[in-house]
2 protein chains.
Amino acid sequence: MTFTEYMREKKQQIDMHLSTLLHTDIPQFSTLYKAMNYSLMAGGKRIRPILLLATIEALGKDSAPYLELACALECVHSYSLIHDDLPAMDNDELRRGKPTNHVVFGEGTAILAGDGLLTYAFELMARQPIAPEKLAPCIAVFAHAAGPAGMVGGQAFDLESEGNLHIGKRGLELLHQSKTGVIFKAAIDLAALLADANETEKQMLDAYAVNMGLTFQITDDILDVIGDEAVIGKPVGSDEKNDKATYVTIFSLEEARRMAKEAAQQAIDAIAPLGEQAWFLRDLVSYMLVRTK
Amino acid sequence: MTFTEYMREKKQQIDMHLSTLLHTDIPQFSTLYKAMNYSLMAGGKRIRPILLLATIEALGKDSAPYLELACALECVHSYSLIHDDLPAMDNDELRRGKPTNHVVFGEGTAILAGDGLLTYAFELMARQPIAPEKLAPCIAVFAHAAGPAGMVGGQAFDLESEGNLHIGKRGLELLHQSKTGVIFKAAIDLAALLADANETEKQMLDAYAVNMGLTFQITDDILDVIGDEAVIGKPVGSDEKNDKATYVTIFSLEEARRMAKEAAQQAIDAIAPLGEQAWFLRDLVSYMLVRTK
């Protein structure tokens with residue numbers, strides 16, 4: 001199976017399952033459910049759930065029993081995008097080529113759609129028919145990563161540092177580790193927990209997670225400068241417009257490209273001992289380096 | 001111990017424990033943590049966590065091991081107030097006599113403070129040293145109650161029905177059951193789960209929960225009309241100002257009072273068989289009927 005086939009197949013499974021999750025019989029709640037599904041089904045790449053499933057396979061285990069758990073990660077990702085796009089945050093009106101949630105449903109409903117997706121994700125996780133002694137730690141690890149010490153903290157820092165190009169390399173690393181890296185790492189941590197990874201495997205995957213997240217983020221910053229608006233589905237140059245510190249604004253386009261390549265190589269090297277069954281994790285990093293959206 | 005003494009003692013334990021929870025060593029996250037603690041420590045009555053602990057005691061069990069789990073309920077309550085007060089929602093500038101979160105920290109940070117408290121609550125729950133086969137169902141039950149099928153759904157319906165006095169008695173019941181009743185019920189459900197309640201006890205507690213929630217909500221609506229602004233800490237008459245359907249606007253002040261009394265009596269009757277060890281649950285309903293804030 002090629003990388004593209006694997007991505008397509010997994011994305012299809014995830015999309016299909018996501019579409020079955022959020023329904024209500026209460027007419028008074030139907031706008032909320034429409035708003036949640038609008039963003040959830042807006043056609044993301046589903047990288048976080050795919051990463052969870054692929055890591056389980058890289059550890060030699062069957063990922064099929066964890067499809068729904070993986071979907072919970074996408075619900076949280078979807079909530080974070082809805083809230084990030086709000087006027088009080090990044091104030092974005094376009095996401096994946098479509099009007100953002102608050103543009104369609106209004107700010108109040110968009111806030112609630114985010115709240116709903118986040119809370120629902122934990123219900124979904126807690127309902128999984130997984131050994132409860134593994135399930136509770138999975139929820140704790142994921143909530144920690146998504147919470148104030150992780151993703152929410154990163155978003156708060158981002159909000160505060162907007163218009164401040166002087167947060168430096170360390171500030172930028174903290175920002176990206178907490179905004180996106182932490183969730184990639186959590187997806188991998190969950191997979192390690194569920195697939196009973198040993199200590200050596202955990203260490204490899206840790207190193208992979210950090211460098212893979214970095215590759216993703218630097219590429220994201222690069223795409224904001226050189227990307228094709230029609231392809232990435234949101235306005236290009238929005239970071240510069242918002243005076244955001246990025247790998248491109250703090251370093252340079254050339255240096256950012258060099259850093260992305262270096263991180264990608266380190267990620268690939270880290271999991272070399274896992275051999276052929278980790279092929280997708282390796283290809284994923286290479287894909288991040290060349291992705292156009 | 002009197003009702004007031006019990007309330008004071010439990011509130012003190014909860015306040016003390018809540019104050020130890022949210023700290024960060026990361027300077028870039030400190031504003032977020034300040035914002036979360038600002039609302040969390042703003043001096044609520046802590047009814048939800050107290051209800052959880054008191055129900056465990058009403059079932060003859062020791063509630064001490066569940067103090068931290070109870071605190072998670074208060075984190076979720078606190079998040080819901082922060083988001084409810086936002087300009088895009090109820091647009092309230094005063095809560096418990098203090099400026100609301102977004103007035104102090106700005107809208108973006110307030111949204112994130114709510115997100116942070118909500119996510120943290122699930123981390124806190126999942127970390128509890130409780131038998132994992134009980135913990136996962138507790139998380140599922142609570143997330144369901146707090147999520148789009150419960151509290152978030154109720155808030156969305158509330159947002160949509162603002163300015164519409166014609167939602168009727170059934171709409172009003174749905175609104176209140178989902179906005180507040182559902183969380184009271186979840187606190188009681190969790191207690192039943194943790195204290196191994198039998199089927200008969202569960203049925204009694206179900207009936208208690210519904211009628212207790214109703215008593216609370218009708219009294220809340222009454223207080224919005226006749227309350228003392230200095231005592232309740234927020235402007236009186238805001239429901240009328242916002243054209244909100246309430247038990248007072250849909251029925252009348254007198255009829256609302258009669259309904260509250262009737263619900264309170266049904267709640268008290270429901271748990272009569274639990275005997276003396278359920279004294280606090282009974283007194284709590286009587287207190288709700290006469291509370292002034």
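**Close-up views of a predicted two-chain model**

**View 1. The interface of chain A and chain B.** Between chain A and chain B, 8 residue pairs, both at pLDDT 80 or more, are in polar contact (a pair of N or O atoms within 3.5 Å, where within protein one must be able to donate a hydrogen and the other to accept it, and residues adjacent in sequence count only if both atoms are side-chain atoms). The elements that give two or more residues to the side of chain A that touches chain B include α4 (67-85) and α6 (107-126) of chain A, and the largest share, 13 residues, comes from α6(A). This is a predicted model, in which local features need pLDDT of at least 70, side-chain atom pairs count only at pLDDT 80 or more, and totals for chains, interfaces and linings use all residues. Residues are numbered from 1 along each chain as its sequence is written, and side-chain values use heavy atoms, with hydrogens and water left out.

**View 2. A salt bridge of chain A.** The side chains of A:K134 and A:D196 meet in a salt bridge (3.2 Å, N to O), a term for a side-chain nitrogen of Lys or Arg within 4 Å of a carboxyl oxygen of Asp or Glu. Because A:K134 lies in helix α7 of chain A and A:D196 in the loop between α9 and α10 (199-226) of chain A, the pair ties together parts that are 62 residues apart in sequence.

View 3. B:D189 and B:K185 meet through their side chains in a salt bridge (2.9 Å, N to O). These two residues are separated by about one helical turn, because they are 4 residues apart in helix α9 (residues 168-194) of chain B.

Technical notes
Chains are lettered from A and ligands numbered from 1 in the order in which they are written.
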